[in-house]
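Here is a walk through a two-chain model.

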Amino acid sequence: MLQLRLSAAQRGVLIAVAIFAAMFAVYGWKQPVGLTSNVINTASNKGALLALVAMAQTLPVLTGGLDLSVGAIFVLSNCLASSIVVGDPLSTAVGVVTVLLVGTLCGATNGIIIVYGRLQPLIVTLAMGAVYFGIALALRPQPGGSVNFELADFMTRSTYAVPHSAVLLLLVVLLIWIPYRRSVLGRAAFAIGSAEQAAYMSGVPIARAKVLAFALSGLLASIGGLLLTAVTYSGAAKMSIANDYTLNSIGAVVIGGTSLFGGVGSAVGSIFGAFVMRTVGDLLIVFDINPVLQPLFVGLVLLVAVCAGSLRVLRIKNKLDLYR
Amino acid sequence: MSALKLNTLFRQFDQATLIAFACIVVLLLIGALAEPAFLSPQYLIQQLHTAAFLGVVATGVMLVILLGHIDLSIPWTIGAGGMMATGATGILGPEFGVVLAVPFGILCGVTIGFVNGLGVAYLRAPAMIFTLGMNAVAQGLMVYHTGGFAPQDRATPFMRELAVGHLVPGIPNPLLIWIVLGAVTMFMLNRTTLGRQIYAIGNQERAVFLSGVDTRKVVLIGFMISGACAAATGVLLAGWANRSYQAMGDPYLLPTIAAVILGGTNVLGGRGKYIGTVAGVILITILQSMLSVVQPQRYFAGLGLELPADTFRQVVFGAVIIAMLLLYGRQKVSR
């Protein structure tokens, strides 16, 4: 007899996958043209943008922090990419590497200030988010710019109905998330999120693990910014985009089964969480609900997702356990 | 007797508050070097007038932070307060709408705060996420209410009077409102059971619960006050601009939290003085005002770099907050 033993994180991923599959099935069924490869590709591109930002959010959350600057790093990367990812293949490649480096640097700066400045992640990333957004404004006072067309087309196209953006996500999981998850510092991040004091006592390298988590978060957000540039062929420093992605990334993380108190969760869950969040918008369209209601529904999904975690409150017998 | 009172007053000034006030003086002196008018009474009163809007919303946010939570639904609670107050005539009818515009706007804020409190205190959802979600819900409702455009966005004469009039000569009404609200809050925090409970819950909710206090109710009240204060700011802002508009609260989230924390309130709750928040609010208002008066982008334009003014507002602002927090907001290593 096969024994199915799932960790809390795996269960979270499965729930997110199931919700997404159900929602996407309804979407495909109500969609007048059906699930053509075009429809799937558009959905994948839209979902992958949020999925990358949500993965960026996951890493700090796993250590027990929160990153309110992922949206700003995403926008900054978009603005930077729209200026430097152009021209011949060599200068395009240099541009891509520069964008990713800048993103990583932004994330690392957050981590360094938080760890060595001994400040709260929330307020540091809130303030640094303003700084990154200000730099993005300096780069792109007006929306515009361009991007290497071949690269952009390649990133957003699909081959045999397999969207390249989905492949990009898979590559990020295989090349960044899984090696990180298995590394010493990756495991340290989980330990910190579970019990920082205990992790410190057992000699876990707390400072380095936290800085790495934030740095990788910046890297993932900048990959997202790069993809956004490929999707829109331009850059725009809009506060509403930054805020929207930051908010939705937190929602995606929660839906993906990652605990906001740290220590439990996975980036794969966040990917499906992101696709769930994006499918909410698509469902509104096929059910002919006024699109201005989208923030309302996204907010409601978020509230339901956090409250689902509160069901444990009802099961607790000793009221004192509520107050950790 | 008076020595005793002086002593109590003096105890309100902790180290962070003193540093914050010192920073204000330094900022004003630097500003005066660039622009002598910085030290004129008109300019200072005008700054306090602007600061009052931030001060009112920061009052509520401070209570929530003292409780060990946070309220990220500030932007659209401000928006809801302003838009509901100006839209009251359309919703309640012309005869009630004009009279009840202000209480109606504030009541909408209280409702948002009430839902926040229910989620955080009773469902034990993390405040950060729950209030972010409420922010999106409030945004959705407001955008739906206006249908993407503004049906009725004019402020009533009373709202206008509240925001720009002078009940006491020389003191703009919003400043007066902030002074009264601040005095009541200081009294509440220092002298009443509710105030003591707020500090105690921020320190150790478990212990307060064990001593027989309904801590959930206190947290709920904290969030309701925060919603009320944010909506009141929205009403004042709508009166100030003579109209309400979408995203009117967006520029307030970071400054509010920054003001409270720069004023020495512990982000994790339990510690902080109201006078510190006052210092933080004034500090941030003067910083923002200086950036628009000094216009650092001028110097860059001289170098051939055309940078938007907003760049400096964001970058300098974030950098100064980090610098000041590093100066005195560092956490103790508790090991």
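A salt bridge is a side-chain nitrogen of Lys or Arg within 4 Å of a carboxyl oxygen of Asp or Glu. By that rule, the interface of chain A and chain B has 0 salt bridges. This is a predicted model, where local features need pLDDT of at least 70 and side-chain atom pairs count only at pLDDT 80 or more, while totals for chains, interfaces and linings use all residues. Residues are numbered from 1 along each chain as its sequence is written, chains are lettered from A in the order written, and side-chain values use heavy atoms, without hydrogens or water.

Polar contacts (N or O atoms within 3.5 Å, one able to donate a hydrogen and the other to accept it; residues adjacent in sequence count only if both atoms are side-chain atoms) link 2 residue pairs between chain A and chain B, both at pLDDT 80 or more. Helix 5 of chain A gives the most to the side of chain A that touches chain B, with 13 residues. Helices here are DSSP runs of H or I, at least four residues, numbered from the N terminus. The two chains bury about 4,500 Å² between them, 77% of it on carbon and sulfur atoms. That area is the accessible area (1.4 Å probe) lost on being put together, summed over both parts.

Now look at A:Thr63. This residue sits in the loop between helix 2 (37-62) and helix 3 (70-84) of chain A. A polar atom of its side chain lies 2.7 Å from the backbone oxygen of A:Pro60.

Note on methods:
Helix = DSSP H or I, 4+ residues; strand = E, 2+ residues; numbered from the N terminus.
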